[in-house]
Amino acid sequence: MGELLLIRHGETTWSASRRHTSYTDLELTPDGERQARTLAAFLAGRRFVSVLASPRIRALRTAQLAGLTVDAVDENLAEWNYGEYEGRTTVDIHEDDPHWNIWTDGCPGGESPAQVGARLDRVLDRVAPLLDRGTVGLVGHAHSLRVLGARWVGLPPSAGGLLRLDTATVSVLGHEHGRRVILHWNQPVPPAPGTAPGPTARH
C-alpha cells in the first residue's frame, strides 16, 4: 500500500501576512519559489504513481518548481472558500466577531466545515484505488489539507484545527496494521546550503 504525500504550496504575500486566501490567485513570493525548489531535493527519492494539484497558481507553481509532474488538477483540492473573509486575517475578523472559529463556524458567504469535509472526502475516494499501486502526491493549501488529514484518520473536519500546517511542508499519510494513520506531519524542508532558515507562514 502506497503513501499519500500532502504538499502545501510555498509562501505568497498573503500567507506571509496571514491573510485568508482561497479563490484569490496569487503568485509565489521569491522566498516561496525558493521553498518550492528546496522541496525538489526533499522529494527526489520518491516515485509517484500520480500527483494531483489544486487549480490555483501557487499550488501548480510549487509542483513545477518541486519537480513534480501533475497528472490532474482537482477543484476539490482548492482552499477552503472563505467567502466574505477572503483577504482578512483572523485577528481582524475577531475585532468584529471575537468568538469566530473557522473550524466550527465556517465562513459567511463561503464554505462550512461540513462542505469542505465533503469535497476532501471526494479527493480521498479518488486516490484510494491509486494507493494500491504506490505513492500519490497532493499539492494544495493549509486549511483544506488539514481537513484532509483529519478525514484520513476518520476525524471530523473540525479536527483539522489541531493540525498546524506551514508553507512548503510535507505530510505523509499511510497505514499501520491495516488502519489509516498519520506517519509524519508538517515536515519542514531543510534550508538550501548557505541560507539561514526563516519562519514559515501559516494562518
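Arg180 sits over the face of Trp152, 4.1 Å from the ring centre; a charge counts as over a ring if NZ of Lys or CZ of Arg is within 6 Å of the ring centre and within 35 degrees of the ring normal. The model is a predicted one, in which local features need pLDDT of at least 70 and side-chain atom pairs count only at pLDDT 80 or more, while totals for chains, interfaces and linings use all residues. Residues are numbered from 1 along each chain as its sequence is written, and side-chain values use heavy atoms, with hydrogens and water left out.

Aromatic pairs come next. Searching the whole structure gives two of them, where rings of Phe, Tyr and Trp (its six-membered ring) pair if their centres lie within 6.5 Å, with planes under 30 degrees apart stacked, over 60 edge-to-face and the rest tilted. Helices (H or I, at least four residues) and strands (E, at least two) are DSSP runs, numbered from the N terminus. Trp80 is buried, at 0% relative accessible area, and Trp103 is buried at 10%; buried means under 20%, exposed over 50%, and partly exposed in between (1.4 Å probe, protein chains only). Tyr85 and Trp100 are also edge-to-face, with 5.1 Å between centres and 80 degrees between planes. Both Tyr85 and Trp100 are buried.

Apart from neighbours within four places in sequence, Glu111 is in contact (heavy atoms within 4.5 Å) with Glu79, Trp80, Asn81, Gly106, Val116 and Arg119. A polar atom of the Glu111 side chain lies 2.9 Å from the backbone nitrogen of Asn81.

Now to the sheet. Six strands form an open sheet with mixed pairing, in the order β3-β2-β4-β1-β5-β6; two strands pair if DSSP finds at least two bridges between them. Because β3 (72-73) and β6 (179-188) each have a single partner strand, they stand at the edges, and one side of each is left without a neighbour in the sheet. Strands β2 (residues 48-53) and β4 (residues 135-140) run parallel and are joined by five bridges, with Phe48 having Thr135 as its bridge partner in β4.

Key
Polar contact = N/O pair within 3.5 Å; in protein donor to acceptor, adjacent residues only side chain to side chain.
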